[in-house]
Amino acid sequence: MYFADEPEHIALLRQTIRRFVEAELPPDKVRQWDKDCHVPLELFAKLAELGVCGLTVAEEYGGQGRDIVAAVVVIDELSRRGWSMAGPYIQCAFYGGINISENGSEQQKRDLLPPLARGEMLFAYGLSEPNVGGDLASVETRARKSDNAGTVIVNGAKRWCTAADLADYIYCLVRSDDERPRYKNLSLILVPTDLPGISMTPIDHLGLRYAKSFDVHFDDVEVPAENVVGGPERWNEGWSQLAGPALDVEKLEVSAATYGIAAAAVDEAWQYAEERRQFGKPISGHQSVRHSLVEAKTRLQACRHMLYHAAWLAQMERPCSVETSMAKLFIADTAVEIVLACQRVMGAYGCGEGFDMERHVRDVVCMPIVGGSSNMQKNNIANRLRLAG
Ligand SMILES: Cc1cc2nc3c(=O)[nH]c(=O)nc-3n(C[C@H](O)[C@H](O)[C@H](O)COP(=O)(O)OP(=O)(O)OC[C@H]3O[C@@H](n4cnc5c(N)ncnc54)[C@H](O)[C@@H]3O)c2cc1C
């Protein structure tokens with residue numbers, strides 16, 4: 001069980017990230033970046049100087065040592081100011097650091113983990129496709145070995161590939177064999193984004209506007225066979241790599257960002273309600289507003305416990321597929337309720353510029369969809385608990 005009092009190193013880390021957020025991410029700038037889908041990479045480099053990108057990487061590969069709770073704290077604190085820094089942090093420390101640590105070949109670990117731990121590299125996720133969302137085992141993007149087997153040729157399209165324009169690699173799920181059965185016919189490939197045959201078309205979207213999202217097209221893209229995740233010998237093992245321990249941590253990283261957004265919404269609405277006066281007193285003095293805020297804070301507390309308990313299980317490398325799915329499901333769905341309640345407390349000011357609330361609303365409604373939808377988490381929990389049906 002994770003304890004209520006944080007250990008000293010975690011409390012210090014939290015303070016450090018809070019100071020970084022206050023100093024480097026002023027609310028008005030973050031609002032403008034969100035409008036422009038702009039990632040301030042120079043600030044990400046400053047964040048990386050704090051050493052936090054190495055929290056998912058073992059010391060022998062240049063990291064700080066795998067500390068999932070600490071990495072979750074970083075996301076929790078960064079995302080209180082939206083996704084502007086939490087997004088690139090996840091792309092570096094999680095899409096890159098966790099996946100290569102869990103699934104990379106020795107050579108990939110030696111080549112990629114040191115720059116990831118220094119925050120010098122970003123990965124994008126190439127999982128979703130125009131015809132494929134939750135049912136990832138049905139991906140249609142294909143890869144085949146070239147005649148001399150020194151390269152693999154990728155053809156197809158990925159959709160919603162966030163920040164692909166800034167990424168060094170797309171962590172790309174492909175169909176690698178048409179003869180083999182479902183789940184045994186998939187591979188993961190690290191596709192460098194600067195290869196010939198790759199084109200990107202931006203997709204406009206409501207929330208998670210920290211970066212542009214793209215349709216990415218692969219037209220006979222020739223990738224070195226060494227870029228198969230885990231090495232060429234892991235061809236057709238993509239599903240087990242995707243569904244392994246890295247997936248549990250993926251649910252946590254999304255949950256942490258969702259929790260951070262909800263926490264920021266509660267803080268903003270709480271302060272607003274104490275300052276805004278109607279009918280001769282602060283609106284926090286009207287019982288229904290008072291109760292809304294207290295309910296939101298109570299739900300937030302439940303989210304916090306679920307998040308950190310699941311993160312602790314993952315850190316201890318205990319089985320936690322059910323707990324991470326429960327955390328993702330509960331936090332995403334509850335955070336939507338929390339943020340919408342907070343928006344209502346702020347009346348018109350929860351809908352317009354000058355406050356963060358409208359961004360929190362746009363971001364939070366995406367969270368039960370991304371990183372495995374709420375329904376997919378329910379399916380996973382029912383299956384793992386062997387519910388008859
Ligand atoms: C802003 C944004 C950024 C994104 N970034 C990325 C990214 O970087 N990389 C990437 O690969 N993807 C990304 N995605 C895509 C995201 O991961 C998918 O949206 C998600 O996997 C769900 O897929 P879908 O939207 O196609 O929904 P679908 O799978 O089509 O599902 C639609 C609805 O049906 C429900 N449903 C589907 N199947 C079942 C079932 N078996 N049982 C019960 N209910 C079911 C779902 O829960 C959902 O409510 C992003 C999406 C957004 C909105």
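**Ligand shell and nonpolar cores**

The ligand is surrounded by 17 residues, of which Ser128, Gly134, Trp160, Thr162 and Ser373 are the closest; a residue is counted if one of its heavy atoms lies within 4 Å of the ligand. The model is predicted: local features need pLDDT of at least 70 and side-chain atom pairs pLDDT 80 or more, whereas totals for chains, interfaces and linings use all residues. Residues are numbered from 1 along each chain as its sequence is written, and side-chain values use heavy atoms, without hydrogens and water.

Polar contacts are pairs of N or O atoms within 3.5 Å. A backbone N or O atom of Gly134 lies 2.7 Å from a ligand oxygen atom. A polar backbone atom of Trp160 is 3.0 Å from a nitrogen atom of the ligand, and a side-chain N or O atom of Asn379 is 3.2 Å from a ligand nitrogen atom. Taken alone, the ligand exposes 970 Å², and 62% of that is buried by the protein (Shrake-Rupley method, 1.4 Å probe).

The largest nonpolar core holds 107 residues, and Leu47, Leu78, Tyr89, Phe94 and Phe123 touch the most other members. Such a core is a set of buried Ala, Val, Leu, Ile, Met, Phe, Trp, Tyr and Cys residues joined through side-chain atoms within 4.5 Å, where buried denotes under 20% relative accessible area (1.4 Å probe, protein chains only). Beyond its neighbours within four places in sequence, Phe94 is in contact with residues including Ile75, Tyr89 and Val249 (heavy atoms within 4.5 Å). A second, separate core of 21 residues includes Ala124, Ala143, Ile198 and Val216.

How values were computed. Buried means under 20% relative accessible area, exposed over 50%, partly exposed in between (1.4 Å probe, protein chains only). A polar contact is a pair of N or O atoms within 3.5 Å; within protein, one must be able to donate a hydrogen and the other to accept it, and residues adjacent in sequence count only if both atoms are side-chain atoms.
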